[in-house]
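Biologist: I am new to this one and would like to learn how its descriptions are reached. Could you take me through it step by step?

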Amino acid sequence: MSRYWSPVVAGLSPYVPGEQPKMANLVKLNTNENPFGPSPKVLAALRDACDDALRLYPDPGSDRLRQTIARHFGVSLPQVFVGNGSDEVLAIAFQALLNHDAPLRFPDITYSFYPVYCGLYGVRYETVPLTSDFRIDVEDYLPAAGTAGGPILFPNPNAPTGRALSRAEIERIVAGNPDAVVVIDEAYVDFGAESAVPLVARYDNLLVIQTLSKSRSLAGLRLGFAIGSTALIEGLERVKNSFNSYPVDRLAAIGAAAAIEDTAYFEFTRSAVMQTRDALTAALREMRFEVLPSAANFVFVRHPARDAAALAAALRERGIIVRHFSHPRIAQFLRISIGTAAECDTLVHALRTILA
Ligand SMILES: *Cc1c(COP(=O)(O)O)cnc(C)c1O
């Protein structure tokens, strides 16, 4: 606390990211990074780009990268927005699109950055409880006839549950709220869910946000993007150009474009992660864990007889880090990121020992 802080700073409750421990040799299954490195083509493109051009500002519009994304997703350039990680894209969407008189709606159990942005930008919000089996119920997001609800935001698949809605279910929510913006955060969509991007052509109230941090192994490069109608994207551009003209640096733009273009490597790594997830799910169920059906690169699990915080502590003693959240509804769950097959074996053996 300092008397020099502005009043809003004193009232913030900042997001606490998963730990990035400095120790070597840890099995790090706590922040949903990809166990594979980035595509070799990304690394080559980044090395090539390390030259004198770094003295120059990057293209403020990141046009080449946006063109690559537009081509890949079958949309036009003015339907694509890029930013320094999808967290930044989300932050800009909060200011540009989600701050209205009617409160923003998102699930009670979801990405814990959302209420933090509400605090920072003064966005009013209401949480909508997940069902008892931790699903998003489409009906809960359909306003009663003749009424308009506020904007809607959730990840699909949801985090930290991993449960996904189908594209048809997303469409019911988007079509049922024509007077409100619906933002779908698709950070994990490539691990087994259906993207809502094809709906953008038909719904001008839909914004889809994706990131290169998870399925393209580039959490360290910081690149996220949004796809939506040109009017929604223009709203994001207006905020971006009032805040930071160059959020995407030269190297990030080049590496990200190479990642989007290497579809073969993307397909190979994401299917390997999904296979490992399914094997880990089976092994955990054998140990009596309840494992929510996951379409993401993590599983959300609880044991009927063991306290989750105690399990996390016992794993930590064995050099394995998983994520535990203190929210009362999920305090008995652990979120375990999908590592390499070898890392998941190490986890399974450690759990067998701990449970024995
Ligand atoms: C990881 C994550 C993000 C943030 O990704 P970055 O692009 O690395 O900022 C956004 N939303 C959800 C739900 C995530 O899990």
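Modeller: Gladly! Let us begin with an idea we need for helix packing: axes are lines fitted to C-alpha atoms, for helices over the stretch in contact, and angles run from 0 to 180 degrees between N-to-C directions. Please keep in mind that this is a predicted model.

Biologist: What is the angle between helix H4 and helix H5, and how far apart are their axes?

Modeller: Helix H4 covers residues 86-96 and helix H5 residues 113-121; they pack at about 45 degrees, and their axes are 10 Å apart.

Biologist: Why is H4 called oblique to H5?

Modeller: Angles under 35 degrees count as roughly parallel, and 65 to 115 as roughly perpendicular. The angle here is about 45 degrees, so H4 is oblique to H5. Their crossing is right-handed.

Biologist: Which residues of H4 and H5 meet?

Modeller: On the H4 side they include Asp87, Leu90 and Phe94, and on the H5 side Phe113, Tyr117 and Tyr121 are among them.

Biologist: Now to charged pairs. What makes Glu171 and Arg202 a salt bridge?

Modeller: The term asks for a side-chain nitrogen of Lys or Arg within 4 Å of a carboxyl oxygen of Asp or Glu. For Glu171 and Arg202 the N to O distance is 2.8 Å, so the pair qualifies under the 4 Å cut-off.

Biologist: Why can we say that this pair ties parts of the chain together?

Modeller: Glu171 sits in helix H6 (residues 167-175), while Arg202 is in the loop between strand S6 and strand S7, so the bridge joins parts 31 residues apart in sequence.

Biologist: Is Arg202 buried or exposed?

Modeller: Exposed means over 50% relative accessible area; Arg202 has 55%, so Arg202 is exposed.

Biologist: How do you know that Asp133 and Arg135 form a salt bridge?

Modeller: Their side chains meet at 3.2 Å, N to O, and the limit is 4 Å.

Biologist: Which residue forms a salt bridge with Glu290?

Modeller: That is Arg302, with the closest N and O atoms 2.7 Å apart. Glu290 is in strand S9 and Arg302 in strand S10, 12 residues apart. Glu290 is partly exposed at 33%, and Arg302 is partly exposed at 27%.

Biologist: How many salt bridges does the structure hold?

Modeller: There are 11 salt bridges.

Methods. Residues numbered from 1 in each chain as written. Predicted model: local features only at pLDDT ≥ 70, side-chain atom pairs only at ≥ 80, totals over all residues. Heavy atoms only, no water. Helix = DSSP H or I, 4+ residues; strand = E, 2+ residues; numbered from the N terminus. Buried < 20%, exposed > 50% of the residue type's maximum accessible area, 1.4 Å probe, protein only. Parallel < 35°, antiparallel > 145°, perpendicular 65-115°, else oblique. Left-handed = near helix turned anticlockwise from the far one by under 90°. Contact = heavy atoms within 4.5 Å.
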